[in-house]
Amino acid sequence: MNKVLSNKKVIALYITPALFLVLALIYVPIVQTGYYGLMKWNGIGEMDFIGLKNYTVLMKDALFWKSALHSFLLALFSALSLIGYLFISIILAGKIKGADLLRKIYLIPMLLASVAIAQLWMKIYHPSNGMLNTVLMAIGIEDPPAWLADANLALYAIIIPIIWQYAGFYILIYYAALKNIPESLVEAARIDGASPWQIALKIKLPLIMNVIKVTIVLAVVGSLKYFDLIYVMTGGGPNGASEVMASYMYQKAFKGFDFGYASAIGFFLLVICLIVTYIIRRFTAANEDIY
Amino acid sequence: MFKKAHSFLLIAVLILAAALAGCSGNTDTASGENGSKKTIKFMHLWPAGSSKQQNQIVTDIIEQYEAEHEDVKIEVEVLENEQYKNKIKVLSSSNELPDVGFTWAAGYMTPFVKGNLFAELDDVLNDGLKDSFVSGTTEAYALDGKTYGLPLELNIAPIYYNKEIFKKYNLDVPQTYSEFENAVKTLADNGVAPIALGNKDRWTGSLWYMYLADRFGGAEVLNKAIDRSGSFEDPALVSAAEEIQNLVKENAFNKGYNGLSNDEGKAEFLNGNAAMYLMGTWELPNFTTNEEIPQDFRDSVGFFKFPTVDGGKGNIDSWVGGPGVGLFVAENSKVKDESKEFVKFFVKKWGEQSVEKAGVIPATKVDTGKVDLPDLYIDVLNELNKASSLTLFADVQMSASVAETHLNLIQSLFGNEVKPADYAKQHEEALKAEEGN
């Protein structure tokens with residue numbers, strides 16, 4: 001086997017089909033999107049080449065920057081929520097009663113389709129007979145807000161279910177990483193008299209640092225291109241109050257019939273995601289591979 | 001070892017080849033001739049769940065057609081309204097429209113026609129079909145003197161109201177706007193939502209705006225602003241926007257309307273939580289023949305015309321409405337003749353059956369003497385015959401990108417986030433920018 005795998009021709013032969021697929025299905029469309037971004041095109045019929053006009057208009061588009069701000073807010077909250085997930089995972093991975101059951105409970109939101117989650121939370125947020133407002137009215141708040149219809153609250157009202165949706169995924173990743181830590185290390189620390197808090201902070205956290213870095217990238221980039229719940233729950237409204245970059249792109253393409261401009265947004269979004277990934281990797285590049 | 005690795009590779013390549021073959025296969029047989037039978041692909045937007053009656057009629061018509069034309073098979077795809085609009089756009093950008101499908105009139109249809117995707121239907125129309133349409137309905141589907149769609153529905157939008165609720169609070173059907181405001185106030189004071197509205201879909205709020213614009217400035221003021229022979233900063237259009245915000249201030253709409261879809265808003269009316277609901281006549285089946293809605297409720301639904309405003313130029317018989325969805329035939333269809341034949345058949349049968357079985361008002365003329373119809377339906381039909389003018393829905397009149405601006409502004413207006421003067425100004429700017437293109 002080793003002999004085969006060191007043969008360059010065989011390597012090329014193995015790689016070619018996959019490489020071909022990746023190029024054709026991922027990189028060609030990316031280049032195409034950038035190319036469409038140079039066009040004035042309503043999605044039907046002829047395209048007009050207009051150079052960088054879509055991109056220059058995009059730079060001055062207040063609505064786009066508003067949606068970009070919302071995307072960044074979402075990314076920020078997602079990244080912050082990782083601390084909470086980490087905390088829960090550390091407790092779960094310790095020897096507590098019922099950890100097995102709790103793990104399953106945390107995992108359940110991950111098993112639901114986004115649209116189902118959206119429907120569920122829309123019922124919760126329903127202004128007159130939703131669960132949330134019913135509870136609020138029961139405890140004496142007479143006029144609770146209409147969460148998804150309030151321009152100041154809509155974005156935050158959606159961020160909560162998004163964080164809820166991904167809890168299981170990240171807890172599972174952290175949990176697996178924590179379980180991977182050799183028991184002997186924790187044992188040794190305990191014998192040396194370290195408190196559980198010290199063990200978590202000084203032993204466990206550094207040991208799973210690589211996993212944490214990956215989850216930060218996943219959470220931030222995932223948030224920047226987030227779409228599903230926002231589309232179903234508010235469609236970006238009321239009047240753009242919960243619009244994010246991906247939903248704005250969708251609106252331009254499929255509602256406003258401006259595929260060229262939407263392609264420009266898509267391409268710009270790709271560039272932003274690449275830059276953000278690069279920055280995160282730079283800032284977390286130190287102390288690779290501890291054990 | 002060596003041998004094993006190679007056989008693994010061989011299998012991998014075979015699987016890949018099979019997968020790719022699966023991707024590219026059978027695109028040719030999808031439409032066009034399929035053995036000896038010809039297949040017409042047909043997409044419509046009346047799923048059995050939300051438009052039961054309409055769906056049933058479509059299925060019946062297709063069965064009849066297939067029975068009469070044994071060499072033709074009709075392949076149906078059904079999508080809900082918003083999904084339908086999206087899918088049609090995706091299909092049209094890759095030039096793969098179904099042979100027959102649904103479209104909306106005017107501004108919505110224009111890019112498809114200019115992109116050469118819809119076939120001319122004048123030959124179908126002149127083949128004895130023309131006289132059966134209510135005058136004015138096919139015109140909305142014409143561009144540069146050629147017709148590209150055949151309308152199925154004719155809609156107007158009355159205000160439906162719950163008679164039981166009105167009786168409970170001693171309210172009469174409002175004739176003037178001040179009576180209407182009084183009704184709104186009485187209902188709101190008693191903790192009943194006066195008006196059901198789901199403004200997440202935005203065109204629902206646009207209906208209210210359009211009526212107020214009409215009642216303040218007359219039937220032409222909005223049309224003129226849109227076709228650029230007038231201005232959106234016309235005082236009547238600004239007053240209409242102010243009036244919307246007055247209604248909002250008086251709690252005229254159910255709570256959270258800007259975050260609720262039209263279906264959720266409608267539910268408030270169907271549940272008896274809200275007293276009034278302004279919507280197109282496509283809702284009539286729900287208030288007349290739909291068995292799934294309790295008889296008690298259906299009996300308690302009445303309708304009235306949007307009241308006139310004091311000093312306004314609008315006429316009470318002027319309606320917001322116009323032809324609803326229509327059928328198109330794809331220009332590049334491989335079975336164009338058969339598709340046109342099918343469309344012709346469909347329009348005729350639809351005209352006969354939609355009235356009786358669904359209580360939908362078709363775009364073709366109705367002989368009310370022949371069929372036994374619910375009173376509510378007859379009343380609406382009589383009003384339609386008296387109509388002094390029909391203003392086509394604003395977002396359908398406008399081009400797609402201006403319509404987007406309009407709809408977003410409507411949502412801001414209802415959310416008190418934009419001042420009426422700015423609301424008008426931003427419309428004017430969007431319309432001007434479009435004109436320059």
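Buried area is the accessible area, taken with a 1.4 Å probe, that two parts lose on being put together, summed over both. For chain B and chain A this area is about 3200 Å², and carbon and sulfur atoms give 62% of it. The model is predicted, so local features need pLDDT of at least 70 and side-chain atom pairs count only at pLDDT 80 or more, while totals for chains, interfaces and linings use all residues. Residues are numbered from 1 along each chain as its sequence is written, chains are lettered from A and ligands numbered from 1 in the order in which they are written, and side-chain values use heavy atoms, with hydrogens and water left out.

**The interface**

Contact means heavy atoms within 4.5 Å. By that rule, 34 residues of chain B are in contact with 36 residues of chain A. Between the two chains there are 10 residue pairs in polar contact, both residues at pLDDT 80 or more. A polar contact is a pair of N or O atoms within 3.5 Å; within protein, one must be able to donate a hydrogen and the other to accept it, and residues adjacent in sequence count only if both atoms are side-chain atoms. On the chain B side, the elements that give two or more residues are α1 (2-24), α3 (81-93), α4 (106-114), α11 (262-270) and α17 (400-414). Helices (H or I, at least four residues) and strands (E, at least two) are DSSP runs, numbered from the N terminus. By class, this side of chain B has 13 nonpolar, 12 polar and nine charged residues. Here Ala, Val, Leu, Ile, Met, Phe, Trp, Tyr, Cys and Pro count as nonpolar, Asp, Glu, Lys and Arg as charged, and the others, Gly among them, as polar.

**Salt bridges**

A salt bridge is a side-chain nitrogen of Lys or Arg within 4 Å of a carboxyl oxygen of Asp or Glu. Over all chains, 21 salt bridges are found. One salt bridge crosses the interface of chain B and chain A.

| Pair | N to O distance |
|---|---|
| K255(B) and D143(A) | 3.1 Å |
| E404(B) and R202(B) | 3.2 Å |
| E428(B) and R228(B) | 2.6 Å |
| K305(B) and E383(B) | 3.0 Å |

E404(B) in helix α17 and R202(B) in the loop between β10 (193-195) and α8 (203-217) are 202 residues apart. Buried means under 20% relative accessible area, exposed over 50%, and partly exposed in between (1.4 Å probe, protein chains only). E404(B) is buried, at 9% relative accessibility, and R202(B) is buried with a relative accessible area of 9%.

E428(B) lies in helix α18 (residues 420-436) and R228(B) in the loop between α9 (221-227) and α10 (235-249), so this pair ties together parts that are 200 residues apart in sequence. E428(B) counts as buried at 6% relative accessibility.

K305(B) lies in the loop between β12 (301-304) and β13 (318-323) and E383(B) in helix α15 (residues 375-386), so the pair joins parts 78 residues apart in sequence. K305(B) is buried at 18%, and E383(B) is buried at 13%. Salt bridges that share partners join K305(B), D317(B), E383(B) and K386(B) into one network.

A nonpolar core is a set of buried Ala, Val, Leu, Ile, Met, Phe, Trp, Tyr and Cys residues joined through side-chain atoms within 4.5 Å. The largest has 85 residues, and those with the most contacts inside it are F180(B), W208(B), Y209(B), F253(B) and M276(B). Beyond four places in sequence, the contacts of Y209(B) include L222(B), F232(B), I410(B) and Y423(B). Apart from this core lies another, of 63 residues, among them Y84(B), A105(B), V325(B) and A330(B).

H44(B) is in strand β2 (residues 37-44) of chain B. H44(B) is buried, with a relative accessible area of 2%. Not counting residues up to four places away in sequence, the residues that H44(B) touches include N55(B), E77(B), Y84(B) and F102(B).

**Chain A and W41(A)**

Chain A has 14 helices and two strands. Of its 291 residues, 41% are buried. W41(A) is found in the loop between β1 (39-40) and β2 (48-49) of chain A, and is buried at 11% relative accessible area. Leaving aside neighbours within four places in sequence, the contacts of W41(A) include Y36(A), F257(A), F259(A) and, in chain B, S93(B).
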